[in-house]
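Let us walk through this complex together, one surface at a time. Keep the viewer open and follow along as the residues are named.

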Number of protein chains: 2
Amino acid sequence: MDITTQDIPETVTSISQAAELTGLTEDTIRYYERIGLLPYADRKPNGHRQYSKDQILGIRFLLRLKATGMTLEEMRHYLELTRQGDSTLSERYTLLEAHNDYIAREIAKLQETQDVIRYKLRHFRELAENPNTDAYDCEVPGDSGR
Amino acid sequence: MDITTQDIPETVTSISQAAELTGLTEDTIRYYERIGLLPYADRKPNGHRQYSKDQILGIRFLLRLKATGMTLEEMRHYLELTRQGDSTLSERYTLLEAHNDYIAREIAKLQETQDVIRYKLRHFRELAENPNTDAYDCEVPGDSGR
DNA sequence: GCTTGACTTTGAGCATACTCCAAGTAGTAC
DNA sequence: GTACTACTTGGAGTATGCTCAAAGTCAAGC
(Lines give C-alpha, C1' and ligand atoms only; values in the text may rest on other atoms or scores of the structure.)
Protein backbone atom coordinates (compact mmCIF):
# COMPACT_ATOMS: atom_id res chain seq x y z
CA MET A 1 0.00 0.00 0.00
CA ASP A 2 1.03 3.58 -0.29
CA ILE A 3 1.65 4.82 3.16
CA THR A 4 4.63 6.34 1.41
CA THR A 5 4.38 9.89 0.20
CA GLN A 6 7.33 9.74 -2.12
CA ASP A 7 5.38 9.52 -5.34
CA ILE A 8 3.76 12.90 -4.75
CA PRO A 9 5.48 16.12 -5.89
CA GLU A 10 5.31 19.16 -3.61
CA THR A 11 2.89 20.78 -6.03
CA VAL A 12 0.46 18.88 -8.22
CA THR A 13 -0.21 21.16 -11.13
CA SER A 14 -3.21 19.59 -12.87
CA ILE A 15 -6.39 17.77 -12.14
CA SER A 16 -5.28 14.88 -14.33
CA GLN A 17 -2.20 14.46 -12.16
CA ALA A 18 -4.31 14.66 -9.01
CA ALA A 19 -6.61 12.01 -10.47
CA GLU A 20 -3.68 9.74 -11.15
CA LEU A 21 -2.24 10.18 -7.65
CA THR A 22 -5.53 9.52 -5.90
CA GLY A 23 -7.16 6.95 -8.15
CA LEU A 24 -10.19 9.17 -8.62
CA THR A 25 -11.41 10.37 -12.00
CA GLU A 26 -11.20 14.05 -12.88
CA ASP A 27 -14.98 14.20 -12.88
CA THR A 28 -15.13 12.76 -9.40
CA ILE A 29 -12.61 15.27 -8.05
CA ARG A 30 -14.69 18.13 -9.52
CA TYR A 31 -17.83 16.52 -8.10
CA TYR A 32 -16.30 16.28 -4.63
CA GLU A 33 -15.32 19.94 -4.81
CA ARG A 34 -18.82 20.88 -5.93
CA ILE A 35 -20.53 19.16 -3.03
CA GLY A 36 -18.09 20.71 -0.56
CA LEU A 37 -16.31 17.48 0.27
CA LEU A 38 -13.09 18.99 -0.98
CA PRO A 39 -12.35 22.69 -0.42
CA TYR A 40 -12.32 24.99 -3.45
CA ALA A 41 -8.89 24.20 -4.87
CA ASP A 42 -6.31 26.85 -5.72
CA ARG A 43 -6.29 27.80 -9.39
CA LYS A 44 -3.36 28.71 -11.55
CA PRO A 45 -3.58 32.00 -13.46
CA ASN A 46 -5.24 30.14 -16.32
CA GLY A 47 -7.93 28.82 -13.97
CA HIS A 48 -6.66 25.24 -13.74
CA ARG A 49 -6.66 23.52 -10.35
CA GLN A 50 -3.48 22.82 -8.42
CA TYR A 51 -2.90 20.89 -5.22
CA SER A 52 -0.28 20.71 -2.51
CA LYS A 53 1.24 17.42 -1.50
CA ASP A 54 -0.66 17.62 1.79
CA GLN A 55 -3.95 18.06 -0.04
CA ILE A 56 -3.29 14.91 -2.04
CA LEU A 57 -2.45 13.08 1.17
CA GLY A 58 -5.66 14.41 2.66
CA ILE A 59 -7.66 13.02 -0.25
CA ARG A 60 -5.97 9.66 0.17
CA PHE A 61 -6.99 9.57 3.80
CA LEU A 62 -10.54 10.46 2.82
CA LEU A 63 -10.57 7.60 0.35
CA ARG A 64 -9.61 5.23 3.14
CA LEU A 65 -12.60 6.39 5.13
CA LYS A 66 -14.79 5.98 2.07
CA ALA A 67 -13.39 2.52 1.28
CA THR A 68 -14.29 1.45 4.80
CA GLY A 69 -17.90 2.50 4.59
CA MET A 70 -18.08 6.18 5.49
CA THR A 71 -20.55 8.19 3.41
CA LEU A 72 -19.59 11.37 1.57
CA GLU A 73 -21.81 13.35 3.93
CA GLU A 74 -20.06 11.99 7.02
CA MET A 75 -16.71 12.73 5.44
CA ARG A 76 -17.84 16.24 4.60
CA HIS A 77 -18.80 16.79 8.21
CA TYR A 78 -15.47 15.48 9.47
CA LEU A 79 -13.56 17.79 7.14
CA GLU A 80 -15.67 20.75 8.19
CA LEU A 81 -14.58 20.11 11.76
CA THR A 82 -10.97 19.88 10.61
CA ARG A 83 -11.27 23.30 8.98
CA GLN A 84 -12.59 24.73 12.23
CA GLY A 85 -9.26 24.00 13.88
CA ASP A 86 -8.07 22.55 17.15
CA SER A 87 -11.24 23.38 19.07
CA THR A 88 -12.90 20.44 17.33
CA LEU A 89 -10.16 17.92 18.09
CA SER A 90 -12.17 16.03 20.67
CA GLU A 91 -15.21 15.78 18.43
CA ARG A 92 -13.06 14.51 15.58
CA TYR A 93 -11.49 12.04 17.98
CA THR A 94 -14.92 10.74 18.87
CA LEU A 95 -15.93 10.42 15.22
CA LEU A 96 -12.78 8.56 14.24
CA GLU A 97 -13.10 6.29 17.24
CA ALA A 98 -16.70 5.51 16.27
CA HIS A 99 -15.61 4.74 12.73
CA ASN A 100 -12.90 2.47 14.04
CA ASP A 101 -15.51 0.58 16.04
CA TYR A 102 -17.67 0.38 12.95
CA ILE A 103 -14.75 -1.13 11.06
CA ALA A 104 -14.23 -3.68 13.82
CA ARG A 105 -17.87 -4.76 13.50
CA GLU A 106 -17.51 -4.94 9.72
CA ILE A 107 -14.47 -7.17 10.02
CA ALA A 108 -16.35 -9.47 12.38
CA LYS A 109 -19.25 -9.69 9.94
CA LEU A 110 -16.93 -10.44 7.03
CA GLN A 111 -15.17 -13.17 8.98
CA GLU A 112 -18.45 -14.79 9.99
CA THR A 113 -19.52 -14.89 6.37
CA GLN A 114 -16.18 -16.36 5.39
CA ASP A 115 -16.91 -19.19 7.84
CA VAL A 116 -20.31 -19.78 6.26
CA ILE A 117 -18.90 -19.68 2.73
CA ARG A 118 -16.09 -22.06 3.62
CA TYR A 119 -18.65 -24.43 5.10
CA LYS A 120 -20.59 -24.35 1.85
CA LEU A 121 -17.48 -24.81 -0.26
CA ARG A 122 -16.58 -27.89 1.78
CA HIS A 123 -20.12 -29.18 1.30
CA PHE A 124 -19.84 -28.64 -2.46
CA ARG A 125 -16.59 -30.61 -2.54
CA GLU A 126 -18.27 -33.49 -0.71
CA LEU A 127 -21.13 -33.44 -3.17
CA ALA A 128 -18.66 -33.56 -6.04
CA GLU A 129 -16.87 -36.58 -4.53
CA ASN A 130 -19.92 -38.72 -3.83
CA PRO A 131 -22.91 -37.24 -5.69
CA ASN A 132 -26.58 -37.63 -4.81
CA THR A 133 -25.88 -38.57 -1.23
CA ASP A 134 -29.08 -36.76 -0.46
CA ALA A 135 -29.52 -38.95 2.60
CA TYR A 136 -28.20 -36.43 5.07
CA ASP A 137 -30.07 -33.30 4.20
CA CYS A 138 -27.36 -31.06 5.44
CA GLU A 139 -28.68 -28.44 7.75
CA VAL A 140 -26.87 -25.32 8.89
CA PRO A 141 -24.75 -22.27 8.60
CA GLY A 142 -27.59 -20.16 7.40
CA ASP A 143 -28.73 -22.34 4.58
CA SER A 144 -29.86 -25.80 3.64
CA GLY A 145 -26.62 -26.61 1.88
CA ARG A 146 -27.19 -26.62 -1.87
CA MET B 1 -25.47 -14.35 15.50
CA ASP B 2 -28.18 -16.61 14.21
CA ILE B 3 -26.52 -19.63 12.82
CA THR B 4 -29.36 -21.30 14.69
CA THR B 5 -32.50 -22.06 12.79
CA GLN B 6 -34.65 -22.57 15.85
CA ASP B 7 -36.51 -19.29 15.68
CA ILE B 8 -38.01 -20.16 12.30
CA PRO B 9 -41.26 -22.14 12.07
CA GLU B 10 -41.58 -24.80 9.34
CA THR B 11 -43.97 -22.53 7.49
CA VAL B 12 -43.88 -18.75 7.61
CA THR B 13 -47.39 -17.64 6.80
CA SER B 14 -47.09 -13.91 6.13
CA ILE B 15 -44.76 -11.39 4.62
CA SER B 16 -44.66 -9.50 7.90
CA GLN B 17 -43.34 -12.60 9.64
CA ALA B 18 -40.82 -13.15 6.87
CA ALA B 19 -39.72 -9.55 7.26
CA GLU B 20 -39.23 -10.00 10.96
CA LEU B 21 -37.24 -13.21 10.53
CA THR B 22 -34.92 -11.77 7.89
CA GLY B 23 -34.57 -8.17 9.02
CA LEU B 24 -35.83 -6.93 5.65
CA THR B 25 -38.86 -4.70 5.25
CA GLU B 26 -41.98 -6.05 3.58
CA ASP B 27 -41.39 -3.63 0.72
CA THR B 28 -37.88 -4.90 0.21
CA ILE B 29 -39.03 -8.52 0.11
CA ARG B 30 -41.61 -7.62 -2.54
CA TYR B 31 -38.95 -5.64 -4.41
CA TYR B 32 -36.54 -8.59 -4.38
CA GLU B 33 -39.27 -10.84 -5.75
CA ARG B 34 -40.07 -8.31 -8.45
CA ILE B 35 -36.52 -8.09 -9.72
CA GLY B 36 -36.19 -11.87 -9.70
CA LEU B 37 -33.77 -12.03 -6.82
CA LEU B 38 -36.26 -14.12 -4.89
CA PRO B 39 -38.42 -16.65 -6.71
CA TYR B 40 -42.16 -15.98 -6.97
CA ALA B 41 -43.31 -17.02 -3.51
CA ASP B 42 -46.13 -19.48 -2.87
CA ARG B 43 -49.43 -17.76 -2.13
CA LYS B 44 -52.13 -18.84 0.24
CA PRO B 45 -55.67 -19.12 -1.19
CA ASN B 46 -56.19 -15.45 -0.30
CA GLY B 47 -53.14 -14.48 -2.30
CA HIS B 48 -50.83 -13.78 0.64
CA ARG B 49 -47.23 -14.96 0.44
CA GLN B 50 -45.93 -17.87 2.50
CA TYR B 51 -42.42 -19.22 2.92
CA SER B 52 -40.80 -22.47 3.99
CA LYS B 53 -38.15 -22.52 6.67
CA ASP B 54 -35.55 -23.28 4.01
CA GLN B 55 -36.59 -20.27 2.00
CA ILE B 56 -36.09 -18.04 5.02
CA LEU B 57 -32.68 -19.63 5.58
CA GLY B 58 -31.92 -19.01 1.93
CA ILE B 59 -32.75 -15.35 2.32
CA ARG B 60 -30.52 -15.12 5.38
CA PHE B 61 -27.63 -16.55 3.41
CA LEU B 62 -28.30 -14.05 0.64
CA LEU B 63 -28.20 -11.24 3.15
CA ARG B 64 -24.78 -12.38 4.25
CA LEU B 65 -23.55 -12.14 0.70
CA LYS B 66 -25.12 -8.70 0.42
CA ALA B 67 -23.67 -7.54 3.74
CA THR B 68 -20.24 -8.51 2.49
CA GLY B 69 -20.44 -6.49 -0.68
CA MET B 70 -22.18 -8.63 -3.29
CA THR B 71 -24.58 -6.72 -5.54
CA LEU B 72 -28.19 -7.75 -6.08
CA GLU B 73 -27.37 -8.63 -9.68
CA GLU B 74 -24.53 -10.95 -8.68
CA MET B 75 -26.77 -12.58 -6.11
CA ARG B 76 -29.51 -13.00 -8.69
CA HIS B 77 -27.06 -14.75 -10.99
CA TYR B 78 -25.86 -17.07 -8.23
CA LEU B 79 -29.44 -18.03 -7.37
CA GLU B 80 -30.26 -18.65 -11.00
CA LEU B 81 -27.42 -21.17 -11.07
CA THR B 82 -28.76 -22.77 -7.91
CA ARG B 83 -32.15 -23.22 -9.56
CA GLN B 84 -30.47 -24.92 -12.50
CA GLY B 85 -29.41 -27.76 -10.21
CA ASP B 86 -26.27 -29.77 -9.61
CA SER B 87 -24.85 -29.22 -13.09
CA THR B 88 -23.89 -25.70 -11.99
CA LEU B 89 -22.16 -26.77 -8.79
CA SER B 90 -18.66 -26.08 -10.05
CA GLU B 91 -19.60 -22.65 -11.35
CA ARG B 92 -21.19 -21.80 -8.02
CA TYR B 93 -18.10 -23.07 -6.28
CA THR B 94 -15.98 -20.71 -8.34
CA LEU B 95 -18.25 -17.77 -7.62
CA LEU B 96 -18.30 -18.38 -3.88
CA GLU B 97 -14.57 -18.87 -3.83
CA ALA B 98 -14.11 -15.57 -5.66
CA HIS B 99 -16.37 -13.84 -3.19
CA ASN B 100 -14.41 -15.34 -0.34
CA ASP B 101 -11.22 -13.89 -1.83
CA TYR B 102 -12.96 -10.57 -2.21
CA ILE B 103 -13.88 -10.66 1.47
CA ALA B 104 -10.28 -11.42 2.38
CA ARG B 105 -9.14 -8.33 0.48
CA GLU B 106 -11.85 -6.26 2.16
CA ILE B 107 -10.70 -7.41 5.59
CA ALA B 108 -7.12 -6.47 4.73
CA LYS B 109 -8.24 -3.02 3.61
CA LEU B 110 -10.29 -2.49 6.75
CA GLN B 111 -7.37 -3.50 8.96
CA GLU B 112 -4.99 -1.16 7.17
CA THR B 113 -7.38 1.69 7.70
CA GLN B 114 -7.71 0.76 11.35
CA ASP B 115 -3.95 1.14 11.62
CA VAL B 116 -4.10 4.59 10.04
CA ILE B 117 -6.98 5.70 12.24
CA ARG B 118 -5.26 4.43 15.39
CA TYR B 119 -2.18 6.37 14.38
CA LYS B 120 -4.26 9.51 14.05
CA LEU B 121 -6.05 8.92 17.34
CA ARG B 122 -2.69 8.59 19.08
CA HIS B 123 -1.57 11.80 17.44
CA PHE B 124 -4.72 13.56 18.65
CA ARG B 125 -4.06 12.39 22.21
CA GLU B 126 -0.52 13.79 22.03
CA LEU B 127 -1.83 17.10 20.75
CA ALA B 128 -4.29 17.20 23.64
CA GLU B 129 -1.53 16.55 26.18
CA ASN B 130 0.94 19.17 24.96
CA PRO B 131 -0.85 21.53 22.56
CA ASN B 132 0.74 23.67 19.84
CA THR B 133 3.88 21.58 19.66
CA ASP B 134 3.81 22.34 16.00
CA ALA B 135 7.56 21.90 15.91
CA TYR B 136 7.48 18.36 14.52
CA ASP B 137 5.14 18.66 11.64
CA CYS B 138 4.00 15.10 11.87
CA GLU B 139 4.24 13.36 8.58
CA VAL B 140 2.55 10.13 7.58
CA PRO B 141 -0.05 7.48 7.47
CA GLY B 142 -1.82 9.07 4.60
CA ASP B 143 -2.17 12.53 6.03
CA SER B 144 -0.34 15.39 7.62
CA GLY B 145 -1.72 14.58 11.03
CA ARG B 146 -4.31 17.18 11.92
C1' DG C 1 -4.22 33.14 -37.22
C1' DC C 2 -5.76 28.35 -36.64
C1' DT C 3 -5.87 23.96 -34.68
C1' DT C 4 -5.20 20.97 -30.85
C1' DG C 5 -5.42 19.59 -26.20
C1' DA C 6 -6.05 20.25 -21.48
C1' DC C 7 -8.55 22.33 -18.85
C1' DT C 8 -13.01 25.21 -17.09
C1' DT C 9 -18.32 25.53 -15.55
C1' DT C 10 -23.02 24.08 -15.33
C1' DG C 11 -26.51 21.04 -15.79
C1' DA C 12 -28.51 16.83 -16.96
C1' DG C 13 -28.56 11.79 -16.81
C1' DC C 14 -27.68 7.22 -14.81
C1' DA C 15 -27.13 2.87 -11.76
C1' DT C 16 -28.21 0.81 -7.55
C1' DA C 17 -31.19 -0.18 -4.07
C1' DC C 18 -34.73 0.80 -2.07
C1' DT C 19 -39.25 3.27 -0.34
C1' DC C 20 -43.68 5.05 -0.72
C1' DC C 21 -48.32 5.47 -2.45
C1' DA C 22 -52.82 4.49 -4.51
C1' DA C 23 -56.27 1.40 -5.33
C1' DG C 24 -58.07 -2.96 -4.51
C1' DT C 25 -59.12 -7.63 -2.03
C1' DA C 26 -59.89 -11.06 1.61
C1' DG C 27 -61.02 -12.34 6.18
C1' DT C 28 -62.49 -11.26 10.94
C1' DA C 29 -65.13 -8.58 14.56
C1' DC C 30 -69.20 -6.52 15.75
C1' DG D 1 -73.50 -4.67 6.29
C1' DT D 2 -69.73 -1.96 7.98
C1' DA D 3 -65.34 -1.28 9.78
C1' DC D 4 -60.74 -2.76 10.43
C1' DT D 5 -56.50 -5.00 9.42
C1' DA D 6 -53.36 -7.37 6.72
C1' DC D 7 -52.28 -8.16 2.79
C1' DT D 8 -52.12 -7.58 -2.79
C1' DT D 9 -50.29 -5.16 -7.40
C1' DG D 10 -48.20 -1.64 -10.17
C1' DG D 11 -46.06 2.47 -10.66
C1' DA D 12 -43.75 6.51 -9.17
C1' DG D 13 -40.36 8.80 -6.31
C1' DT D 14 -35.94 9.11 -3.58
C1' DA D 15 -30.96 8.97 -1.89
C1' DT D 16 -26.33 8.24 -2.97
C1' DG D 17 -22.57 8.65 -5.82
C1' DC D 18 -21.04 9.32 -9.66
C1' DT D 19 -20.66 10.17 -15.02
C1' DC D 20 -21.34 12.50 -19.24
C1' DA D 21 -22.12 16.31 -22.40
C1' DA D 22 -22.25 21.11 -24.01
C1' DA D 23 -20.09 25.30 -24.46
C1' DG D 24 -16.30 28.04 -23.46
C1' DT D 25 -11.15 29.50 -22.17
C1' DC D 26 -6.30 29.42 -22.52
C1' DA D 27 -1.60 28.31 -24.12
C1' DA D 28 1.42 25.95 -27.37
C1' DG D 29 2.76 24.38 -31.94
C1' DC D 30 2.64 25.09 -36.79
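The surface near DNA strand C is made of eight charged, seven polar and four nonpolar residues. Keep in mind that this is a predicted model. In total, 19 residues surround DNA strand C, and the closest are A:Arg34, A:Arg43, A:Arg49, B:Tyr32 and B:Lys66. Which part of the strand do they meet? Of the atoms of DNA strand C within 4 Å of the protein, 67% belong to sugar or phosphate, and the rest belong to bases.

You can find several of these phosphate contacts in the viewer. The side chain of B:Tyr32 places a polar atom 2.5 Å from a phosphate oxygen of DNA strand C.

Which helices carry the surface near DNA strand C? At least two residues each come from helix H1 (15-22) and helix H2 (26-34) of chain A, and from helix H2 (26-34) of chain B. The most comes from H2(B), with five residues.

Now turn to DNA strand D, which 18 residues surround; the closest are A:Tyr32, A:Lys66, B:Arg34, B:Arg43 and B:Arg49. Sugar and phosphate make up 65% of the atoms of DNA strand D that come within 4 Å of the protein. B:Arg34 reaches a base, with an N or O atom of its side chain 2.8 Å from a base nitrogen of DNA strand D. Two or more residues of the surface near DNA strand D are given by each of H2 of chain A, helix H1 (15-22) of chain B and H2 of chain B. H2(A) has the largest share, five residues. By class, the surface near DNA strand D divides into seven charged, seven polar and four nonpolar residues.

Next, look at how the two protein chains meet. Here 47 residues of chain B are in contact with 46 residues of chain A. About 4400 Å² is buried between chain B and chain A, and carbon and sulfur atoms give 65% of that area. B:Tyr93, B:Leu110 and B:Phe124 supply 13% of the area that chain B buries against chain A, more than any other three residues.

Between chain B and chain A the count is two salt bridges; one of them joins the side chains of B:Glu112 and A:Arg64, at 3.9 Å from N to O. Helix H3 (53-67), helix H4 (72-83) and helix H5 (89-129) of chain B each supply at least two residues of the side that touches chain A. H5(B) gives the most, with 25 residues. That side of chain B holds 21 nonpolar, eleven polar and 15 charged residues.

Finally, find the open sheet of chain B, where three strands run in the order S1-S3-S2 with antiparallel pairing. Strand S1 (11-12) and strand S2 (42-43) of chain B are at the edges with a single partner strand each, so one side of each has no neighbour in the sheet. S1(B) pairs with strand S3 (residues 49-52) of chain B over two bridges, and B:Thr11 stands opposite B:Ser52 in S3(B).

Technical notes
Residues are numbered from 1 along each chain as its sequence is written. Chains are lettered from A and ligands numbered from 1 in the order in which they are written. This is a predicted model: local features need pLDDT of at least 70, side-chain atom pairs count only at pLDDT 80 or more; totals for chains, interfaces and linings use all residues. Side-chain values use heavy atoms; hydrogens and water are left out. A residue is near a molecule or strand if one of its heavy atoms lies within 4 Å of it. A polar contact is a pair of N or O atoms within 3.5 Å; within protein, one must be able to donate a hydrogen and the other to accept it, and residues adjacent in sequence count only if both atoms are side-chain atoms. Helices (H or I, at least four residues) and strands (E, at least two) are DSSP runs, numbered from the N terminus. Ala, Val, Leu, Ile, Met, Phe, Trp, Tyr, Cys and Pro count as nonpolar, Asp, Glu, Lys and Arg as charged, and the others, Gly among them, as polar. Contact means heavy atoms within 4.5 Å. Buried area is the accessible area (1.4 Å probe) that two parts lose on being put together, summed over both. A salt bridge is a side-chain nitrogen of Lys or Arg within 4 Å of a carboxyl oxygen of Asp or Glu. Two strands pair if DSSP finds at least two bridges between them.
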